[in-house]
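Please keep the structure open beside the text while you read.

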Amino acid sequence: MGSPTVGLYLLDDHKPSLFYSKQEPEGFIREYSDEFDKYDPLLAYIFEKGRPVDGSTVVGSSGWQHCNNFQLLRRWGFKHCMAGPLLVEDRVVGVVYTANGGETGPYRPQAVDSMDILCRAGSLALTTMVETGRLDGAPIGWISQSSVASRRERTIGGAHALNQLPARSREVALLVCRGQSNKQIARALGISAYTVKDHVGKLCQRLHAHNRTELVQRLLTTH
């Protein structure tokens with residue numbers, strides 16, 4: 001997307017909490033948190049529309065250089081920003097922000113499309129992490145009891161699919177659902193990583209999954 005600076009926020013009661021950042025100037029994230037503690041037009045747009053957007057689109061190209069977002073960006077050597085939503089169960093639970101120095105001008109539609117693809121992939125990954133329990137106990141407000149209950153119901157429903165598998169394939173499938181790598185599964189079961197890879201490939205074929213993440217979803221949701 002042509003943006004060296006990236007920030008990943010997870011939402012706690014609609015307030016962005018920084019989870020990961022890359023190549024951000026020292027103090028920039030802190031100033032953003034202080035200045036936009038109550039309202040950020042990009043975040044408001046994402047909550048309403050549920051899709052990525054760049055700053056100049058939110059406020060209009062003529063008003064961009066007069067808004068608070070631009071003033072903050074300019075103080076830290078940037079000129080443009082873009083944000084996209086991360087979704088779990090159709091609920092906005094996180095935001096991906098990018099910023100650039102404007103060398104190539106405002107974000108083009110192709111960059112917004114790339115952000116959309118990135119956010120879809122991130123949403124799928126977060127959903128899988130919730131469903132497989134990898135975020136249980138995390139201090140994130142949006143992981144509600146209903147989300148946990150929903151995950152448990154899906155896991156119970158998916159037990160039927162697991163029970164229909166041969167014994168070794170079922171063992172591999174369970175460890176895949178727990179997020180273990182092929183090497184970890186191989187060590188746990190005393191088989192080679194190549195054998196694990198073969199099992200995973202056959203599981204994907206059996207459940208018509210295109211990749212490992214989709215396989216986990218099929219295993220957990222197939223009745």
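**Aromatic pairs and nonpolar cores**

1. The structure holds six aromatic pairs, where rings of Phe, Tyr and Trp (its six-membered ring) pair if their centres lie within 6.5 Å, and planes under 30 degrees apart count as stacked, over 60 as edge-to-face and the rest as tilted. One of them joins Phe-28 and Trp-76 edge-to-face, at 6.2 Å centre to centre and with 65 degrees between the planes. This pair links distant parts of the chain, 48 residues apart, since Phe-28 is in helix H1 (residues 28-35) and Trp-76 in the loop between helix H4 (68-75) and strand S4 (80-88); helices (H or I, at least four residues) and strands (E, at least two) are DSSP runs, numbered from the N terminus.

2. This is a predicted model, in which local features need pLDDT of at least 70 and side-chain atom pairs count only at pLDDT 80 or more, while totals for chains, interfaces and linings use all residues. Residues are numbered from 1 along each chain as its sequence is written, and side-chain values use heavy atoms, with hydrogens and water left out.

3. Phe-28 is buried, with a relative accessible area of 9%, whereas Trp-76, at 26%, counts as partly exposed (buried means under 20% relative accessible area, exposed over 50%, partly exposed in between, with a 1.4 Å probe and protein chains only).

4. The largest nonpolar core has 22 residues, and Phe-28 is among those with the most contacts inside it, as are Trp-64 and Tyr-97; such a core is a set of buried Ala, Val, Leu, Ile, Met, Phe, Trp, Tyr and Cys residues joined through side-chain atoms within 4.5 Å. A second, separate core of 18 residues includes Ile-185 and Val-216.
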